Amino acid sequence: MAAPVTITFLGGLGEIGRNCMVLEQDEKLLLLDCGLMFPELEMLGIDLVLPDFTWLRENADRVIGCIATHGHEDHVGALSYLLRELSFPIYGSAFTLGLARNRIEEAGLLGKTDLIPVADGERRMIGPFDVEFIPVTHSVPHGFATAFHTPQGVIMHTGDWKLDLTPVDGRLTDLARMGAIAYESGVRLLMGDSTNADSHGHSRSEKSVGAVLYDLFHEHEGRRIVIACFASHIHRVQQIADAAIGFGRKVATIGMSMKKNVRLAREMGLLNIPDSALIDIEDIGDHPDGNVCVISTGSQGEPMSALTRMANRENRWLEIGEGDTVILSSHPIPGNEMSVTKVIDGLVRLGAKVVHSGLEDVHATGHAKQEEIKTLLSVVEPQWFVPVHGEYRHLVHHAELAQIMGVAPERTLVCEDGDQITIDDDGIRISGQVPAGYLFVDGIVGDVGQGVLRDRRVLAEEGVVVVVVTVSTADGAILTGPEVITRGWVYAPEAEELLDECAAVVTQALKEAFADTTPDHEALQRVVRRAAGRFVSDRTRRKPMIVPVVMEA
Ligand SMILES: [Zn+2]
Ligand SMILES: [Zn+2]
């Protein structure tokens, strides 16, 4: 009997984002990614969503490290929160660690971790885990797939990946090595990125975006060009810079993360922009418009970003006008469509020509589509398959693809956040559940909880009614009020009558409450809330938040 291996999914199975899973072998725990998720529209006022750390907290002494597959926020962005409570080393490519380091440093937590760089193809022991790091191509440089050589056979995880046969940096997804592992020892379990599992065909090569950009620079000669893309998408930045320099333009960056990442990538030799071609954003006025290209953050319409500020005429460095062409070299992440359209609208209103992925092929996805997924499955030929990274329908589509490619239906497990699977001599099965709810972050406050969100939703959709009243505890006489104040329920000036009626109903309810007993404070609040609530609901068919403020004298 070989020792069993357990895998716990803490995030990313059922949503895009907050990817986090934990491998367990010989009592030790090794994390694979610890990412955040950007909030959905109905998560009012929430800045970020994190994985639930309850189970990790309870097992803190067994956590020996975290592997970061690549530097995207949905894979490393929660580390700066987990490191507040736990301390462990992080393993990843030098560039991944460089990106992850930023947030950890901002949080003042560098002392809680060691950042340990690993090289392409490296195989190393992390505690009892025998881990191999396999290069994959993605929309950020130097991502890894991982192969865990365990007593239960090889467990492979693709990370975020695509097949790009002409990647900008020439670094291919190492299908050959994956195939060699499959040939040498077989792959017991494969876990694969499902983001594009419901998109047919093959993703386009990142290089094809470069050609489109080149044409656009040609077409818009003489105009100032501003291009927005993800700050971590160094290959895109490279192609933008190449096109700009090719047309005799100087390149300036705008936005904090763009500046930081360009500096980091240039220092590491991952981005080639000669000093002579780079200018400071403060100095773009010294050059004719047609000789300038500005690379900006904000391709997702993020409210505080450089591009959004340009669209709102609030950017300190750049005022957009009729001489500008703005290119959004991106595709809106689901949930961001509205913010992006608003930004485009603002830019067009200012007179700019705007090019986006709906008009030209100015973006290529970083995630494998169906034909790539099938290729990988045909090379790896896993015995078992678990789809990861995706909303539920993506996971199901991915499981179906695995079955088309020959994995037995009973060996494709669609798991969800919180599921624990055990791999032993008998096979693989879901063996337990751990807490995996959403951890909401609002500003610097930690978990604001479901209750707060529920309140915000009621306030947003129904408004609030506050009833203020002072009651004599001796005889129940009403000394002041009830005064009914509202925000968001009815337009107060026109509803004075309604507010007066509500006050009368509350007065009557209080009288009845004192008729046979002397109610305590809580009972008084309840009486007021119920009376006002029933009145509001009966008369207006609405359910605003009712806040009773009962003072006793
Ligand atoms: Zn991802
Ligand atoms: Zn990614």
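This is a predicted model: local features need pLDDT of at least 70, side-chain atom pairs count only at pLDDT 80 or more; totals for chains, interfaces and linings use all residues.
Colleague: How do you know that the span of helix α7 agrees with its number of residues?

Modeller: Take 1.5 Å a residue: the 13 residues, 234-246, should then span 18 Å. The end C-alpha atoms of α7 are 18 Å apart, so the two values agree.

Colleague: What makes you call α7 mostly covered?

Modeller: A residue is called buried when its relative accessible area is under 20%, and 10 of the 13 residues of α7 are buried.

Colleague: Why is a set of residues called a nonpolar core?

Modeller: Because its members are buried residues such as Ala, Val, Leu, Ile or Phe, joined through side-chain atoms within 4.5 Å. The largest one here has 33 residues, and F217 and I327 have the most contacts inside it. At least two residues each come from α4, α6, β13, α7, α8 and β15, with the largest share, 6 residues, from α7.

Colleague: Which residues does I327 touch?

Modeller: Leaving out residues up to four places away in sequence, I327 touches L213, L216, I225, V226, I227, A228, V355 and V362. There is also a second, separate core of 31 residues, including L50, F53, F88 and V434.

Technical notes. Residues are numbered from 1 along each chain as its sequence is written. Chains are lettered from A and ligands numbered from 1 in the order in which they are written. Side-chain values use heavy atoms; hydrogens and water are left out. Helices (H or I, at least four residues) and strands (E, at least two) are DSSP runs, numbered from the N terminus. The expected span of a helix is 1.5 Å times one less than its number of residues. Buried means under 20% relative accessible area, exposed over 50%, partly exposed in between (1.4 Å probe, protein chains only). Contact means heavy atoms within 4.5 Å.
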